[in-house]
Amino acid sequence: MSTVQGAGTAARTPVTVRVPAKVNVQLAVGGLRPDGFHDLANVFLAVDLYDEVTASPAEPGEGPSVTCRGPDTDQVPLDRTNLAVRAADALALRHGRSPDVRLHIRKEIPVAGGMAGGSADAAGALLACDALWGTRTPREELLALCAELGSDVPFSLVGGAALGRGRGELLTPLDVGGSFHWVFAVADGGLSTPAVYRECDRLRRERGPGAGVDAVPEPEPSPVLLAALRSGDAKLLAANLANDLQPAAISLLPSLDDTLAVGTEAGALAALVSGSGPTCAFLAEDAASATEIARVLRAEDVCRAAHTATGPAPGATVLPPAE
Ligand code: C5P
């Protein structure tokens with residue numbers, strides 16, 4: 001059987017892709033670059049909290065549309081700015097075709113929570129449309145499209161654990177020697193990622209010349225933290241978790257301090273803000289401890305919801321068709 005290169009068979013039935021959330025076990029932020037981004041040493045860990053993106057056939061010329069269900073989805077834009085729609089547009093442009101697709105997102109990842117929910121939807125839409133349209137985009141090209149869509153989108157595609165350099169998009173996969181148990185406390189409302197980076201720069205400037213934004217060292221991954229991931233040692237990982245954006249997130253939302261304190265009191269090995277926040281992440285010793293920390297966080301009313309999850313989790317995956 002012969003196939004024409006690049007022309008796969010379009011699926012007539014919907015394609016669903018499952019995509020994980022992430023937590024940054026280390027987020028070292030360098031100085032502000034001329035392009036408005038920051039160089040990072042970003043150690044990503046995917047966790048088994050998932051969004052599902054379904055791509056269904058649309059009429060020729062209909063263009064892309066999106067619907068969204070789940071907590072806080074009233075904050076998700078449903079126009080051409082939606083990251084999943086932008087992913088469909090980018091893939092269609094790459095293949096010189098019309099972006100005809102009906103997208104549906106089932107959200108479990110907190111919206112604007114610092115867990116790469118929007119990035120997950122972009123990676124999911126890219127993979128789902130590629131399967132629906134039969135465009136068979138090579139992996140390297142999918143990763144390049146992901147990087148155009150956002151700094152965290154390539155990691156949503158690959159999952160597992162990885163070191164992200166550059167603005168976070170240049171990935172090196174990392175070995176992980178075990179499963180880590182987490183609790184995620186979802187805050188009321190979200191934080192804007194650019195606003196948190198701006199606040200980080202402002203706090204650094206406030207420290208004055210010599211100590212502030214001009215003196216930011218080159219961000220480097222912590223060798224001990226990478227060793228903790230490799231060995232699956234939760235206590236060692238806990239002792240080395242680090243997020244340079246945490247002071248900025250707390251400065252914008254001071255109540256996060258209480259959330260972090262309650263989870264720590266409830267037995268977490270360590271607590272930190274996830275990425276740009278405001279979701280707080282708690283590393284637990286085991287599954288039972290994670291369940292207890294989540295129970296206390298809910299009972300103390302310091303978050304809107306608390307989820308347990310484990311990592312690493314696989315990246316964006318096409319699910320088998322529903323029966
Ligand atoms: O890449 P993404 O669109 O997710 O980035 C959103 C915003 O976060 C950027 O416009 C920038 O303000 C900030 N950002 C940054 N440095 C990075 C990644 C993101 O300053 N490495």
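1. Pro312 sits in the loop between β11 (305-311) and β12 (317-318); helices (H or I, at least four residues) and strands (E, at least two) are DSSP runs, numbered from the N terminus. The peptide bond that joins Gly311 to Pro312 is cis, with omega near 10 degrees. This is a predicted model, in which local features need pLDDT of at least 70, side-chain atom pairs count only at pLDDT 80 or more, and totals for chains, interfaces and linings use all residues. Residues are numbered from 1 along each chain as its sequence is written.

2. Pro278 belongs to the loop between β9 (270-273) and β10 (280-284). Ala112, in the loop between β4 (101-106) and α2, has a positive phi of about 50 degrees although it is not a glycine. Most residues other than glycine have a negative phi, and most peptide bonds are trans.

3. The protein chain is assigned domain 1 (15-174) and domain 2 (180-311), with bounds from an automatic or database domain assignment. Their centres, taken over C-alpha atoms, are 22 Å apart. Contact involves 31 residues of domain 1 and 37 residues of domain 2, where two residues are in contact if their C-beta atoms, placed from the backbone, lie within 7 Å. On the domain 1 side, the elements giving two or more residues are β1 (15-32), β2 and β5 (161-165). That side has 21 nonpolar, 8 polar and 2 charged residues. Here Ala, Val, Leu, Ile, Met, Phe, Trp, Tyr, Cys and Pro count as nonpolar, Asp, Glu, Lys and Arg as charged, and the others, Gly among them, as polar.

4. The shell around the ligand includes Gly36, Phe37, His38, Asp152, Arg167, Thr193 and Tyr197; a residue is near the ligand if its C-beta atom, placed from the backbone, lies within 6 Å of it. Two elements, β2 (38-56) and α5 (193-206), each give two or more residues to this shell. The most come from α5, with 3 residues. By class the shell has 4 nonpolar, 6 polar and 2 charged residues. Domain 1 and domain 2 each supply at least three residues to the shell.

5. Residues 82-160 are 59% helix and 8% strand, with end C-alpha atoms 25 Å apart. Residues 225-299 are 59% helix and 15% strand, with end C-alpha atoms 32 Å apart.

6. Helix α1 (residues 83-95) and α2 have axes that come within 7 Å and cross at roughly 35 degrees. Axes are lines fitted to C-alpha atoms, for helices over the stretch in contact, and angles run from 0 to 180 degrees between N-to-C directions. Residues in this contact include Leu83, Ala87 and Leu91 of α1 and Gly118, Ala122 and Cys129 of α2. The contact has 9 nonpolar, 2 polar and 3 charged residues.

7. Helix α2 (residues 117-133) also packs with helix α3 (residues 139-149), their axes coming within 10 Å and crossing at roughly 145 degrees. Ala122, Ala123, Leu126 and Asp130 of α2 meet Leu142, Leu145, Cys146 and Leu149 of α3. This contact has 7 nonpolar, no polar and 1 charged residues.
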